[in-house]
Amino acid sequence: MSDHAVSLAASHAAIRADASGPSGPKPRHMFSRRNIFLYGTLVVVALYYLLPLYVMVVTSLKGMPEIRLGNIFSPPMEITFEPWVKAWSQACTGLNCDGLSRGFWNSVRITVPSVILSIAIASVNGYALANWRFKGADTFFVILIVGAFIPYQVMIYPIVIILREIGLYGSLTGLVIVHSIFGMPILTLLFRNYFTSMPEELFRAARVDGAGFWGIYLRIMLPMSLPIFVVAIILQVTGIWNDFLFGVVYTRPDTYPMTVQLNNIVNSVQGVKEYNVNMAATILTGLVPLIVYFISGKLFVRGIAAGAVKG
Amino acid sequence: MAANGTSVSIQDLSLNFGAVSVLQTLNLDVAEGEFIVLLGPSGCGKSTLLNCIAGLLDISEGRIFIKGKNVTWEEPKDRGIGMVFQSYALYPQMTVEKNLSFGLRVAGIAKDEIARRIARAAEILQIEPLLQRKPAALSGGQRQRVAIGRALVRDVDVFLFDEPLSNLDAKLRSELRVEIKLLHRKLQNTMIYVTHDQIEAMTLADRIAVMKGGVIQQLDAPQTIYNRPVNRFVAGFLGSPAMNFVEGQLEAGATAVFKTGDLTVPLDRYGFDGAGNKGGPCVFGIRPEHVAFGEAANAMPFAADAAVEIVEPMGSDTLVWTKLGGRNFSFRVEAEKTLRNGEPIRIGFDPARASLFDTPSGNRM
């Protein structure tokens, strides 16, 4: 033992003997300035966004006489579900007076096949681009991405002509095809980035094991990519459900999706404005994306983090 | 046609990615049951070569034979190879059993045959209790064992290992290294093993192929490569701590000598290679463990005075840094020796154990 070690031990003992001064976890105060600012801001912003929804809900539960009183923030004195029933099954758009239900089922018939078709194709696209690097893959990818930046309006009329020529104009099938094509760039990008982030060696191991293009896709890649499929489903369901432009251009009145029908109910110029029915109809239309978000919020965030960030 | 007893034969293999040449007219013959290690720094093309053998990369030129069959254009599954990857590459959604059987199920092999092969592999690798677990529930060592099992169940002639131990911690690495060696002795398969770790290479290989820049620098038994490296790159790459290099002049004559500064090393005991001794600038290399110290140094054909600069105790022995001919120079002493910084010492060595490299070409002289 040297002198150095002895003096070190002595000074160490001196430090230990001194019990004053900070020790253990740093204390935190609940009502610190920082917390008040942080949570105060959050509460204000949340109220700001929730207020319109509140007004919609209460208005949709009031009768017309009560609405005419003008207190839009007051809760209903007498709760009535009449406007909801009317919005769903009796409101008139054009010649049809069977409410939003017709549009709802049209939207379902548009959204479900479009979502399945676009995701099925885009996931295989992304997988091929990420793992089976064929000649010209990069060029193909760039063209696809550029497609995402072309304004829809430019392509509306050419597509009308194409659909007319192949006899699909005005049919739900035509609209499903249009939605699938327009979903392709962003979905392919999403899937390609996700599959690229998967370990390359996994793919190689599967090839050594003898699995082919579809074998690897279906048995290795697909089971591993639930989060990104959830993201794609949410993007597509909300995107296609909320679509108005394609719906109004490529369908006929009896095949209008819910959004177009909602617009026709709310913006009808004849008769009295039935605010309660309008509010109920709007909530009904927005309900599907809302439910999708609530159910899949956690998976959505996880998938976005996994797939979209890496280039 | 490949010669008899040759398991893998690579003939004039080249691989280019665009303008970049990764492998250049490479030739390699691996005997039946041989354990070959491809060793080199990262980017030397060793993993690329392995992927070419596996059929995971399309080659630009040349041919590959496995078991006498030209497999140059074959799919990986038809080449009779099994491969173990650095990141294990286990299918995360499948249990260990399903991981092992995946290739067999794809190939459409009968159920009882699959069960028999899995049972055998699981027994050899001692992973029977893990069969129903998912890879996420396994430790690194267990995962790599399963990955080896996946190659094992395929009943292949050739095993390819792509840095299989690099992701493991030091302790596990040395354990699994021994297990791989035992496995090779038990199975007697041909194994081609890629690593950048020279200890793995030295301990496992029947022959080591040291690679650099897509070219095999030297292909030989580990001891030969260690003691008689063909060029300065090989000499510097193998050995830890690394070989000491001193630059100077070779003076030819009745007895050749190596001169640097005021030092003169007699080379009468040095075995020149073939053409050898012609004089000129050269590099003198000697491994730290071939340097004698103290009394023993005086008994050596060459001895000089030096001073201790830094002492690095390694536990089993101690590495001492000093200066010789103006260059950093290290040597090993037993761990019991205590040396102080600045202490004057005498060191010496036998030039017969040294390596001499031509400075312009870097080749052994």
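Student: Which share of the contacts in chain B between residues at least 6 apart in sequence joins residues at least 24 apart?

Tutor: In this predicted model, that share is 66%. A pair counts as a contact when the C-beta atoms lie within 7 Å.

Student: And what makes a residue of chain B count as buried?

Tutor: The cut-off is 20 or more other C-beta atoms within 10 Å of its own. By that test, 42% of the 365 residues of chain B are buried. The chain has nine helices and 21 strands, and its C-alpha trace spans about 75 × 45 × 35 Å along the principal axes.

Student: Over to chain A. Why are H5(A) and H13(A) called roughly antiparallel?

Tutor: Look at the packing angle: about 155° between H5 (residues 101–131) and H13 (residues 258–266) of chain A. Angles over 145 degrees count as roughly antiparallel, so the pair gets that label. Their axes are 7 Å apart.

Student: Which residues make that contact?

Tutor: From H5(A), they are A:Arg102, A:Gly103, A:Phe104, A:Asn106 and A:Ser107, and from H13(A), A:Met258, A:Val260 and A:Gln261. They split into three nonpolar, four polar and one charged.

Student: What makes up the domains of chain A, and how many residues does each put into their contact?

Tutor: The assignment gives domain 1 (28–80) and domain 2 (101–307), with 33 Å between their C-alpha centres. Domain 1 of chain A brings eight residues to the contact and domain 2 of chain A brings seven. On the domain 1 side, H2 (33–60) and H3 (64–68) of chain A each supply at least two residues, and H2(A) has the largest share, with four.

Notes:
Residues numbered from 1 in each chain as written. Chains lettered and ligands numbered in written order. Predicted model: local features only at pLDDT ≥ 70, side-chain atom pairs only at ≥ 80, totals over all residues. Buried ≥ 20, exposed ≤ 12 C-beta atoms within 10 Å, placed from the backbone. Contact = placed C-beta atoms within 7 Å. Axes fitted to C-alpha atoms, helices over the stretch in contact; angles between N-to-C directions. Parallel < 35°, antiparallel > 145°, perpendicular 65-115°, else oblique. Nonpolar A, V, L, I, M, F, W, Y, C, P; charged D, E, K, R; others polar. Domains from an automatic or database assignment.
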